[in-house]
Amino acid sequence: EKAEQLLDQHKPMLLIGTPMCTAFSNIQNLNKAKRDPAVIEAEIAKAREHLQWCCQLYQKQIDPGAYFLHEHPYPASSWNESTVDEVLSLPGVILILSHMCKFGKVASKQLSDGIIRLSKKPEGIMTNSPEIAFEVDVRCDHAPEAHLPSLHGRSDESRIWASGFCRAVLRGLRRQLKLDNKTCDDLTDQL
């Protein structure tokens, strides 16, 4: 409720949603047989409710001509939820795949060889801004050994965006605002 009041009050040009992904994670499915089914079902229900609320906020952004960006791991099962399909069916909404290593995402935990490795972290990005989509639509072309293996205990670090990704989103937003003849005093010329 407080988030919705803030959205109504401040009317941001860009709303970013990154709902918690744990219940939708493919890695979580590996442990399903060892966990209490009632607990799993409760976690999924809570995650679906949160995802649905985020999608309602995205629709609220679209109506007055503002933008949203939704980020979730790819291929998390959340991309198969009907509430996401509803947003994807709206005019102008785009879904792209992006690899965070291309924005400089480095794995914080490393192997014992001391070589700094990237974190590939494939992400699905849903947005109604073609310019943001253009900026973040990048795929990995690094050699496989440049990355730390996915199952190397890095779930906490995966929640932090690389600064290069943040700059790309802001560059895209800045261009989108110019194309749409909108202004935003908070975006500097240094992007």
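Start by selecting Arg139: with a relative accessible area of 42%, Arg139 is partly exposed. On this tour, buried means under 20% relative accessible area, exposed means over 50%, and partly exposed is anything in between (1.4 Å probe, protein chains only). Before you click on, note that this is a predicted model, in which local features need pLDDT of at least 70 and side-chain atom pairs count only at pLDDT 80 or more, while totals for chains, interfaces and linings use all residues. Residues are numbered from 1 along each chain as its sequence is written, and side-chain values use heavy atoms, with hydrogens and water left out.

**Stop 1: charged partners**

The rule for a salt bridge is a side-chain nitrogen of Lys or Arg within 4 Å of a carboxyl oxygen of Asp or Glu. Asp137 is partly exposed, at 34% relative accessible area.

Zoom in on one piece of that. Glu135 and Arg171 meet through their side chains in a salt bridge of 3.1 Å, N to O. Glu135 sits in helix H4 (residues 130–136) and Arg171 in helix H5 (residues 163–179), so this pair ties together parts 36 residues apart in sequence. (Helices, H or I with at least four residues, and strands, E with at least two, are DSSP runs numbered from the N terminus.) Glu135 is buried at 14% relative accessible area, while Arg171 is partly exposed at 32%.

How many salt bridges does the rule give? The count comes to seven. For another one, select Arg48 and Glu81, whose side chains meet at 3.0 Å, N to O. Arg48 belongs to helix H2 and Glu81 to the loop between S2 and helix H3 (82–88), so parts 33 residues apart in sequence are tied together here. Arg48 counts as partly exposed at 39%, and Glu81 as buried at 15%.

**Stop 2: two rings**

Next, pick Tyr58 and Phe68. The structure holds one aromatic pair, and here are its members: the ring centres are 4.6 Å apart and the planes lie at 15°, so the pair is stacked. It links distant parts of the chain, with Tyr58 in helix H2 (residues 37–62) and Phe68 in strand S2 (residues 67–73), ten residues apart. For the rule, rings of Phe, Tyr and Trp (its six-membered ring) pair if their centres lie within 6.5 Å, with planes under 30 degrees apart counted as stacked, over 60 as edge-to-face and the rest as tilted. Are these two residues buried or exposed? Both Tyr58 and Phe68 are buried.

**Stop 3: a histidine in a strand**

Jump to His99, in strand S3 (residues 94–99). His99 is buried, at 9% relative accessibility. Follow the side chain of His99 and you get to the backbone nitrogen of Cys140, at 2.7 Å.

**Stop 4: a pocket**

Select Pro19, Met20, Thr22, Ala23, Phe24, Glu43, Lys46, Ala47, Glu49 and His50, which line the second largest pocket. A pocket here is an open set of points on a 1 Å grid over the protein atoms alone, where a 1.4 Å probe fits, with protein on both sides within 12 Å along at least five of seven lines; lining residues have an atom within 4 Å of a point. About 240 Å³ of space lies inside the second largest pocket. That volume is the space filled by probe spheres set on the points, which are joined across faces, edges and corners. Colour the lining by type and you get five nonpolar, two polar and three charged residues. Nonpolar covers Ala, Val, Leu, Ile, Met, Phe, Trp, Tyr, Cys and Pro; charged covers Asp, Glu, Lys and Arg; the others, Gly among them, are polar.

**Stop 5**

Most residues other than glycine have a negative phi, and most peptide bonds are trans. Which bond is cis? The one joining Tyr74 and Pro75, with omega about 10°. Pro75 lies in the loop between S2 and H3.

Then find Lys11, in the loop between helix H1 (2–10) and strand S1 (14–17). Lys11 is not a glycine, yet has a positive phi of about 45°, and Lys11 is exposed at 60% relative accessible area. End at Asn181, in the segment after H5. The phi of Asn181 is also positive, near 55°, and Asn181 counts as exposed at 72%.

Notes. A polar contact is a pair of N or O atoms within 3.5 Å; within protein, one must be able to donate a hydrogen and the other to accept it, and residues adjacent in sequence count only if both atoms are side-chain atoms.
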